[in-house]
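Please read it alongside the sequence and the model.

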Amino acid sequence: METKEVVEDIVIVGAGIAGLSTSLGLHRLGIRSLVLESSDSLRITGFALSIWENAWKALDAVGVGDFLRQQHPQLNRVVTTSLVTGQQTSVMSFTETGNQQRDREIRCVKRKLLLEALANELPSGTIRYLSKVVALEESGFYKILHLADGTTIKTKVLIGCDGVNSVVAKWLGFKNASFTGRYSIRGCAEVQSNHGLEPRTMQFFGKGFRAGVIPCDEKAVYWFFTWTPKSHDKELDDNPAKLKEFVLNKLEKMPSDIRYYIEKTELDVILLVPLRYRHPWELMFGNISKGNVCVGGDAFHPMTPDLGQGGCCALEDGVVLARFLGEAFSKHIKEKDEEDDQFKRIEESLKKYAKERRWRSIDVIATAYMVGSIQQAESKLVTFLRDNILAAFLASQYLKKSGYDCGKLNSS
C-alpha cells in the first residue's frame, strides 16, 4: 500500500455535530480545516434531536439557523403525564410572557437535515470520507495521524470530535465513557398526510421508564423510550420488531392517538442505544486539551439524553472552539509569526476553550444524570415525589440549562 503524507493546519476527527460545527465556524472566520470521517457518508443515527435556545444561538453564529427554522415548527410547551396515576404532572410553556418569563425557542430537528445543513456550507473537499484514524504520534509540536488506508497526515492542531469511543480522548488520558445501565429505544414515524399534532413535547413517566413523543415537522413524529433492562429484557437485543412490541406493551396506558405513531413506525427506523456518560470528576481533573490537541462533543462530554442537551452542547463547543482558534490563526498575526510563537498561541487558545467549556459541561452532565435518575425511578417513594412534588422542579431544569449563550464567532 502506497503511503501518502498530507500536511494541514487543523484536522478534526469526526463529521458529527461537533466536528462539522467547529469546521464551519472556522470557515466563517476564513480558516481552513480538514474533517476526517471513518464512514463513507455522513452518519445519521438517532433520527432527530431537541434543539433548545442555546443551540439556536450557536446555529445562528455559524449561519444555518434560519435554514433549519424553515423546516421545523417551533414547539410551544412540554406537557408531562404520569402513566402511573394518569394525571398531568406539569405543563411548561415556551411562549408565555410576564413574571420575568420570555419566549424560548425549541424545535425537534431531524438529525440528517442538521448535519447536511452544516456540511453543505463547507468548501468542497473539507470532509474526507473513509478516513479511519488507527494511530496517533507526536513529531515535535506537530501531531501525525495514521489512517487505515495508509495515508499519513501531519497537523498543527488536532481536534477529536470522534464520539463516545474517541481515539483522541483516549490519547488525552480519558477512560471510555461509563455505561449508566439504562438504554434508549428511539424511532421516527413518517405519515402520508399532515399528522395534525400540536407542536409540543409530550413526555410520559411510568414505573421505571420515561417516554416522549415530539413532532419534527408536518409529517414526521419522533419518539423515545428509556428504561433499565431487567435480565429477561436481554433477549430484546437489537431486534426492532421485539423492541417495538416491548415499547407498545409498556405504553399501553398512553393515549391511543399518541401511541398510534409508535405503532406506525417502520422497523428500519427503530434504534436501541446504551446510555453512556462521562463522570463529572473526570472532566474536573482530566485534560480537555493538551498542547495542540483537544476534544469536543461526545468525545468530550458524553451525557444522558434527559435534558436534550447532548447535541446542543456539541454546537456550543463548535462555536467556542472556532472563536478561540480564530484568534490563534488570525491573518494579521500569521504573516509575522514565527512557528514557535504560533504553536504557543494555539496551545493558549485550546486552554481558553477548555477553561470555558469545563464547568458548563460538568454542570449539564451532572444535572442530566440526576434528572434522568428521578424521572426513570422505580421505587414507589421516588415515583410519588416525582409525580406530586418534584414535577415542576424537574421541568424547570430544561429551561435553566438551555439559558446559556456561547457567544458569537468573533470575540470583538
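A salt bridge here is a side-chain nitrogen of Lys or Arg within 4 Å of a carboxyl oxygen of Asp or Glu. The model is predicted, and by this criterion it holds 26 salt bridges. Side chains of opposite charge can pair when their charged atoms come close.

**Salt bridges**

| Pair | Distance (N to O) | Sequence separation |
|---|---|---|
| E8 and R32 | 3.1 Å | 24 residues |
| R28 and E121 | 2.9 Å | 93 residues |
| E316 and R357 | 2.8 Å | 41 residues |

The salt bridge between E8 and R32 has an N to O distance of 3.1 Å. E8 belongs to strand β1 (residues 5–13), while R32 sits in the loop between α1 (17–28) and β2 (34–36), so the pair ties together parts that are 24 residues apart in sequence. The two partners fall in separate burial classes: E8 has 10% relative accessibility and counts as buried, whereas R32, at 46%, counts as partly exposed.

R28 and E121 form a salt bridge at 2.9 Å. This pair links distant parts of the chain, with R28 in helix α1 and E121 in the loop between α4 (111–120) and β7 (127–128). R28 has a relative accessibility of 33% and counts as partly exposed; E121, at 35%, is also partly exposed.

E316 and R357 meet at 2.8 Å. Here both residues lie in helices: E316 in α9 (residues 310–328) and R357 in α11 (residues 339–375). Both E316 and R357 are buried.

Salt bridges can also join into a group. D60, D66, R69, E105 and R107 are linked in a network of this kind.

**Cysteines**

How many disulfides does the structure hold? The count is zero. A disulfide is a covalent bond between the sulfur atoms of two cysteines. C312 takes part in none, and its nearest cysteine sulfur, in C313, is 6.9 Å away. The cut-off for a disulfide is 2.5 Å between sulfur atoms, and the 6.9 Å from the sulfur of C313 to that of C312 is too far for a bond. Are these two cysteines buried or exposed? C312 is buried, with a relative accessible area of 0%, and C313 is likewise buried at 0% relative accessibility.

**Sheet and packed helices**

Strands of a sheet pair through backbone hydrogen bonds, either parallel or antiparallel. In this model, seven strands make an open sheet in the order β5-β4-β12-β13-β14-β11-β15, and the pairing is mixed. Its edges are β5 (88–93) and β15 (270–277), each of which pairs on one side only. From one strand to the next, the twist averages 15 degrees.

At the β5 edge, strand β4 (residues 77–82) runs antiparallel to β5 and is joined to β5 by five bridges. Within β4 and β5, R77 stands opposite S93.

Methods. Residues numbered from 1 in each chain as written. Predicted model: local features only at pLDDT ≥ 70, side-chain atom pairs only at ≥ 80, totals over all residues. Heavy atoms only, no water. Helix = DSSP H or I, 4+ residues; strand = E, 2+ residues; numbered from the N terminus. Buried < 20%, exposed > 50% of the residue type's maximum accessible area, 1.4 Å probe, protein only. Pairing = 2+ DSSP bridges. Axes fitted to C-alpha atoms, helices over the stretch in contact; angles between N-to-C directions.
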